[in-house]
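Hi,

Here is the structure I promised to pass on. Have a look first, then read my notes below.

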Amino acid sequence: MTQVDMELWVSNAPTQFDAKAELALLARVLHREGYDDHLAGHISYRQPDGTLLVNPLELTWDELTADDVMRIDIDGNVLDGKWTVTPAIILHTELHRHRDDVVVAVHNHPRWGTIWADMHQVPPVYDQTSALLGGELFLYDTYDDNAASADEVRKIVSRMGDAPWALLANHGVFVTGNSIREAHLRAITLEWRCRQAWHVAAAGGGVPMPAEAADQLNSMVSQFGFPGLFEAMARKELRADPGILT
């Protein structure tokens, strides 16, 4: 695909949703992709006024609707919403406090990403889908049984630096994005990469994708995004449950 083709593709305006609907749709889409550890996991979505939209503690990601989305301030105080917010949201508030580049942050315990976190290993990139988005996949290789403590989350955020995604040892994954769409693409790319690497290892090993080719691909995708992908997945969820937007 040429530069002109990419720009034309991007110029075809995607379906628009309001911010709460975007978060609810992201939760639904990622649940279908394996981000489905019961009531575990949290998403934060920074708004122009500095507040954060977050999912509530009491609902699984596949039942979340726009009306369920909570609003908190940067200190974690609830400003709006009918549910409660997990104490572990401090992981997000600390990240947003120190990373202006992060608009959306996603934490959960998806099957394949958590396997590599449990092994304290970063999975190789074996195929082009695994290379859609690049940047250091940071491994936080220490497990603390109080991941919601201020001291622990400060260590995670500090050591993560400006990495766009991380494996949290014996815990799960932490993914960032500059938009709902980038967070979606990064989250599904990470889970795909972890799954493929596991299967390649189980089959006896493989040949990682050349670094230069992977860099070229993720550079293009980082520049243009993946136009229409999040919207296509959102439409799938809306066909199954139109009530997500209410």
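Which hand does the crossing have where α4 passes α6? It is left-handed, a word used if the near helix is turned anticlockwise from the far one by less than a right angle, with right-handed used if clockwise.

Some background before the rest. This is a predicted model, in which local features need pLDDT of at least 70 and side-chain atom pairs count only at pLDDT 80 or more, while totals for chains, interfaces and linings use all residues. Residues are numbered from 1 along each chain as its sequence is written, and side-chain values use heavy atoms, with hydrogens and water left out.

Back to that pair. Helix α4 covers residues 111-119, and its axis comes within 7 Å of the axis of α6, crossing at roughly 65 degrees. (Helices are DSSP runs of H or I with at least four residues, numbered from the N terminus; axes are lines fitted to C-alpha atoms over the stretch in contact, and angles run from 0 to 180 degrees between N-to-C directions.) α4 and α6 are therefore roughly perpendicular to each other, the label for 65 to 115 degrees; under 35 is roughly parallel, over 145 roughly antiparallel and the rest oblique. The contact (heavy atoms within 4.5 Å) includes Trp112 and Trp116 of α4 along with Cys194 and Trp198 of α6. By class, the contact of α4 with α6 has seven nonpolar, two polar and three charged residues. Here Ala, Val, Leu, Ile, Met, Phe, Trp, Tyr, Cys and Pro count as nonpolar, Asp, Glu, Lys and Arg as charged, and the others, Gly among them, as polar.

α6 (residues 180-202) also packs against α8 (residues 229-240), at about 85 degrees with the axes 9 Å apart. That makes α6 roughly perpendicular to α8. Ile180, Arg181, His184, Leu185 and Ile188 in α6 meet Leu229, Phe230, Glu231 and Met233 in α8.

Next, α3 (residues 90-98) and α5 (residues 150-160): their axes come within 9 Å and cross at roughly 45 degrees. That makes α3 oblique to α5, and their crossing is right-handed. Among the residues in contact are Leu91 and Leu95 of α3 and Val153 and Ile156 of α5.

Ile156 turns up again in the lining of the largest cavity, where Thr142, Tyr143, Glu152, Ile156 and His171 lie nearest the centre. (On a 1 Å grid over the protein atoms alone, a cavity is a set of points where a 1.4 Å probe fits but cannot get out; lining residues have an atom within 4 Å of a point.) The largest cavity holds about 60 Å³ of space, a volume being the space filled by probe spheres set on the points.

Cheers

Note on methods:
Helix = DSSP H or I, 4+ residues; strand = E, 2+ residues; numbered from the N terminus. 1 Å grid on protein atoms, 1.4 Å probe; cavity = no way out; pocket = protein on both sides within 12 Å on 5 of 7 lines; lining within 4 Å.
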